[in-house]
Amino acid sequence: MDKPNLGEPDAHVMMRHAKTILRFLLIFALIATSVLLLFLPQAAYLAASAVLVLFIGYVIVSYLERQSQAKVLRSRNQSTISQKEVEMDVQYAGIYTAIALTLFLALGVLIMAATLVEDWSMVGMVAAVFFLMSVFLLFPFIPLFIREAKYEERDKLQHEAELHEEPKK
């Protein structure tokens, strides 16, 4: 009987996607910093401050991605997904949701601040205030988003496990 192909752990796939997104945003922020330094120096700090935050996020996600590889999580002859892997997948679904929510919120308030303020030297301060206000307003809902992502991941994994179970003879 053939050993079932378990594929990549879901946590690894999620962190690989997050790493790709953060890499793209980091490249974009570096290019934006260079362009703004040349053409609009008073706004260059906006993209430059994002570089530091994105780089720290990239390092953390790279570490999580390395820890979630199949060769780290699985033994050589493993035929089913272990409970440890399920828990890691569920935990990483929450982390991925938190990262995505933070990025979308930060980009949204930056765009909103850029459209509301005419003085580019004030955009960062206004964006920070908007970000804190939006986090404060969404604070009761953020844990719900994360918890829902965890429940969805757990349900998906349980459904996949039921599909891959061998029928009893």
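**Labels and their grounds**

Reader: Why is Glu153 called buried?

Author: The model is a predicted one. In it, Glu153 has 8% relative accessibility, and buried means under 20%, so Glu153 counts as buried. Glu153 is found in helix α6.

Reader: What does Glu153 touch, not counting residues up to four places away in sequence?

Author: The residues are Asp10, Met14, Asp89, Val90 and Ala93. A contact here is a pair of heavy atoms within 4.5 Å.

Reader: How do you know that the span of α4 agrees with its number of residues?

Author: The helix has 34 residues, and at 1.5 Å a residue they should span 50 Å. The expected span takes one less than the number of residues. The end C-alpha atoms of α4 are 49 Å apart, so the two values agree.

Reader: What makes a set of residues a nonpolar core?

Author: Its members are buried residues of the nonpolar kinds listed for a core, joined through side-chain atoms within 4.5 Å. The largest such core has 18 residues, and Met15, Leu22, Leu54 and Tyr92 touch the most other members. Two or more residues of this core come from each of α1, α2 and α4, and α1 gives the most, with eight. Apart from this core lies another, of nine residues, including Leu46, Val109, Ala113 and Phe130.

Reader: What is Met15 in contact with, leaving aside neighbours within four places in sequence?

Author: Met15 is in contact with Val61, Leu64, Glu65, Tyr92, Ile95 and Tyr96.

Reader: How much space lies in the largest pocket, and which residues are closest to its centre?

Author: The largest pocket holds about 980 Å³ of space. It is lined by 33 residues, of which Leu46, Ala50, Ala106, Leu107 and Leu110 are the closest to its centre. Helices α1 (10-39), α2 (44-67), α4 (83-116) and α5 (123-138) each give two or more residues to the lining.

Reader: How do the residues of that lining divide into nonpolar, polar and charged?

Author: The lining has 29 nonpolar residues, four polar and no charged.

Conventions:
Residues are numbered from 1 along each chain as its sequence is written. This is a predicted model: local features need pLDDT of at least 70, side-chain atom pairs count only at pLDDT 80 or more; totals for chains, interfaces and linings use all residues. Side-chain values use heavy atoms; hydrogens and water are left out. On a 1 Å grid over the protein atoms alone, a cavity is a set of points where a 1.4 Å probe fits but cannot get out, and a pocket is an open set with protein on both sides within 12 Å along at least five of seven lines; lining residues have an atom within 4 Å of a point. Grid points are joined across faces, edges and corners, and a volume is the space filled by probe spheres set on the points. Helices (H or I, at least four residues) and strands (E, at least two) are DSSP runs, numbered from the N terminus. Ala, Val, Leu, Ile, Met, Phe, Trp, Tyr, Cys and Pro count as nonpolar, Asp, Glu, Lys and Arg as charged, and the others, Gly among them, as polar. Buried means under 20% relative accessible area, exposed over 50%, partly exposed in between (1.4 Å probe, protein chains only).
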